[in-house]
Amino acid sequence: MEGVTVEKISPVHIDERGTITDILNKEVSHVGFIVTKKGVVRAKHYHKQSIQYSYILKGKFEVTVANPDNLEERETFILNAGEMITINSNIVHVFKALEDSDMIDMISLSRAGTGYEDDVVRVNI
């Protein structure tokens, strides 16, 4: 779907001490750590303005994205640890944990105050 990318994030440096991985080189105003138990569904919304970057630290998610004007126009991805999905504004997204999973969620706009609720439109999908 246009406006959604999935990528494997590889280390930029490896030596005897370990690795360094650059997850994101974009401006964000919110970074969250989300722990999700197997079978739980999260999101079921879209953002009016924000771009969302979700990096999977552990586990596996099934992510469905859809056109908010036509929910039948959708695509599903399986995200594993070390992968990141970028979701532009005005794209419905639903995350279902296929295993106990952890992710870092980065949003281009702040969630402080009413920022999150002002930007989110919940969808019954």
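Modeller: Strands are DSSP runs (E, at least two residues), numbered from the N terminus. This is a predicted model, in which local features need pLDDT of at least 70 and side-chain atom pairs count only at pLDDT 80 or more, while totals for chains, interfaces and linings use all residues. Residues are numbered from 1 along each chain as its sequence is written, and side-chain values use heavy atoms, without hydrogens and water.

Biologist: Where does L57 lie?

Modeller: L57 belongs to strand 6, residues 52-58.

Biologist: Which residues have the most contacts inside the largest nonpolar core?

Modeller: They are V4, F61, V63, V65, I85 and F95, in a core of 13 residues. Such a core is a set of buried Ala, Val, Leu, Ile, Met, Phe, Trp, Tyr and Cys residues joined through side-chain atoms within 4.5 Å.

Biologist: Which strand gives the largest share of this core?

Modeller: Strand 7 does, with three residues.

Biologist: What about another core?

Modeller: Another core, of six residues, lies apart from it and includes Y55, M84, I104 and M106.

Biologist: Changing topic, which residues does N67 touch?

Modeller: N67, in strand 7 (residues 60-67), touches M1 and E73, leaving aside residues up to four places away in sequence. Contact here means heavy atoms within 4.5 Å.

Technical notes
Helices (H or I, at least four residues) and strands (E, at least two) are DSSP runs, numbered from the N terminus. Buried means under 20% relative accessible area, exposed over 50%, partly exposed in between (1.4 Å probe, protein chains only).
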